[in-house]
Amino acid sequence: MTDQPTVGRFDGRAHLLPVRVYYEDTDFTGVVYHANYVRYFERGRSDFLRAIGIGHAQLLEGEAPMAFVIAEMKLHFVRPARIDDALTVRTTYDAVKGPRLMISQVIERDGDTLCRAEVTAVCIHLDGRPRRPTKALVEAVAPWLASA
């Protein structure tokens, strides 16, 4: 058996991913640099998909290769995360509308909200044009959507 990084776990519709704050994530005061919250949110979205059996490599190598771009991300910073904090990235995929996936995310520490994000990801062809998600992706995400 080999050690594998965690992909987190599900709690109802929400995917929970544990994240540790390292020195490299912080500014000179030991507070997480604001741009690193975006990185934590990316890990949450990616590991949600990985946990339901859809990996980015699989999407790139499929019969109709596709990828995602972020079209919109609204962030609300509530309180700072600090070096050595154990955080949880809570991710819910809320809806699929045409090529868009609507996603809600929260970063928490001990149940307290530190940062919230409302994200619109767009499925694209590899040349950058929008496209509808594959049937396999829609079917895999469907049980986790708000309307499910």
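Mentor: The open sheet has six strands, in the order β1-β2-β4-β5-β6-β3, with antiparallel pairing. Strands pair if DSSP finds at least two bridges between them. Strands (E, at least two residues) and helices (H or I, at least four) are DSSP runs, numbered from the N terminus. At the edges stand β1 (9–11) and β3 (67–77); each has a single partner strand, so one side of each lacks a neighbour in the sheet. Ignoring direction, neighbouring strands are turned by 30° against each other on average.

This is a predicted model: local features need pLDDT of at least 70, side-chain atom pairs count only at pLDDT 80 or more, and totals for chains, interfaces and linings use all residues. Residues are numbered from 1 along each chain as its sequence is written, and side-chain values use heavy atoms, without hydrogens or water.

Nine bridges join the antiparallel β4 and β5. V96 has L101 in β5 as its bridge partner.

Now the helix. α1 lies across β1, β2, β3, β4, β5 and β6, at about 60° to β4. Axes are lines fitted to C-alpha atoms, for helices over the stretch in contact (heavy atoms within 4.5 Å); angles run from 0 to 180 degrees between N-to-C directions.

Next, the core. The largest nonpolar core has 30 residues; Y40, L49, L87, Y93 and I107 have the most contacts inside it. Such a core joins buried Ala, Val, Leu, Ile, Met, Phe, Trp, Tyr and Cys residues through side-chain atoms within 4.5 Å. Buried means under 20% relative accessible area, with a 1.4 Å probe and protein chains only. β6 gives the largest share of this core, six residues.

Notes. Buried < 20%, exposed > 50% of the residue type's maximum accessible area, 1.4 Å probe, protein only.
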